[in-house]
Amino acid sequence: MKIVVTIGGSILVQDNSYKKFKEYAEIISQMNTEHKLYVVVGGGKPARDYITMARGLGASEALCDDVGIDVTRLNARLLITALQEAAYPKVPHNFQEALEYSQSGKLVVMGGTEPAHSTDAVGSILAEFIGADLLINATSVDGLYDKDPKKYSDAVKFEEITASDMMDLLSNKDIKAGTYEFFDHTAIGIIKRSKLKTVVVDGNDPENLLKAVYEKIGTTILPE
């Protein structure tokens, strides 16, 4: 299968440690022996910190996004370093470059592309662009909830949810750079129109990527 994996920056960047990068590199390399993988990584807390500083300096939301994109690309470089010879050495800046780099037979790891596109949006567009069979989103919780489970004890997890219902959940949210919750409208729209099978898993355990391919885990987004 062609599989696109998106990994939240908050998962990879923890306590200024390289360990999650190494753990993910091992699992991704293993998966890549059976499937064609593409990886998109987020910016995490470092991106949010820089965005906050840029916003404090009066930067526009588009410029704040650009700052965050730079950080995602640094994270991509670190994961490429961890993957060593398995990964293409350059970080693509757009989807055409990602496709071109993949012709080398090596893993492609990328960060952001342009303002107003979250990591999830980049992952879904990339999946559509290369005709992926599966999109796996590794996030900081074990699936999609009706509200933040870290803040609300009565949050309800969805085993399955349609893209249309996700749109309804997001309809009243104010989305700014660095504050995306789960998926933005672009990501959901791409999933729906491409009929893209998508699974959201707890990224704290990299082995959940493997489980998402063969088992029922996390939340499945139905492209309806």
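Predicted model: local features only at pLDDT ≥ 70, side-chain atom pairs only at ≥ 80, totals over all residues.
Student: What does the side chain of serine 29 reach at 2.8 Å?
Tutor: The backbone oxygen of alanine 25. A polar contact is a pair of N or O atoms within 3.5 Å; within protein, one must be able to donate a hydrogen and the other to accept it, and residues adjacent in sequence count only if both atoms are side-chain atoms.
Student: OK. Which element is serine 29 in?
Tutor: Helix 2. Helices are DSSP runs of H or I with at least four residues, strands are runs of E with at least two, and both are numbered from the N terminus.
Student: And how accessible is serine 29?
Tutor: Serine 29 counts as partly exposed because its relative accessibility is 27%. Buried means under 20% relative accessible area, exposed means over 50%, and partly exposed is in between (1.4 Å probe, protein chains only).
Student: What does serine 29 touch, leaving out residues up to four places away in sequence?
Tutor: Leu83 and Ala86. Touching, or contact, means heavy atoms within 4.5 Å.
Student: Which residues of helix 2 are buried?
Tutor: Lys20, Phe21, Tyr24, Ala25, Ile27, Ile28 and Met31. The buried residues of helix 2 pack against several elements, among them strand 1 (2–7), helix 4 and helix 9 (208–214).
Student: How long is helix 2?
Tutor: Helix 2 has 14 residues and reaches 20 Å from first C-alpha to last, close to the 20 Å expected at 1.5 Å a residue. That expected span is 1.5 Å times one less than the number of residues.
Student: New topic: how much space is in the second largest pocket?
Tutor: About 280 Å³. Of the 15 residues lining that pocket, Ser17, Tyr18, Phe21, Asn75 and Leu78 are closest to its centre. On a 1 Å grid over the protein atoms alone, a pocket is an open set of points where a 1.4 Å probe fits, with protein on both sides within 12 Å along at least five of seven lines; lining residues have an atom within 4 Å of a point.
Student: Which element gives the largest share of that lining?
Tutor: Helix 4, with six residues. Helix 2 supplies at least two residues of the lining as well.
Student: Let's move to helix 6. Is it mostly enclosed or open, and why?
Tutor: Nine of the 12 residues of helix 6 are buried, so it is largely enclosed by the rest of the structure. Among the buried ones are Val122, Ile125 and Leu126. Its buried residues pack against elements including strand 1, strand 2 and helix 8.
Student: What comes just after helix 6?
Tutor: Glycine 131, with a positive phi of about 70°.
Student: Which residue other than glycine has a positive phi near 55°?
Tutor: Asparagine 16. Asparagine 16 sits in the loop between helix 1 (9–12) and helix 2 (19–32), and it counts as exposed because its relative accessibility is 79%. Lysine 195 also has a positive phi, about 50°. Most residues other than glycine have a negative phi.
Student: Where is lysine 195, then?
Tutor: In the loop between helix 8 (185–194) and strand 8 (198–202). Lysine 195 is exposed, at a relative accessible area of 65%.
Student: Last one: is threonine 220 buried or exposed?
Tutor: Buried, with a relative accessible area of 12%. Threonine 220 is in strand 9, and its side chain has a polar contact of 3.2 Å with that of lysine 216.

Key:
Residues numbered from 1 in each chain as written. Heavy atoms only, no water. Points joined across faces, edges and corners; volume = space filled by probe spheres on them.
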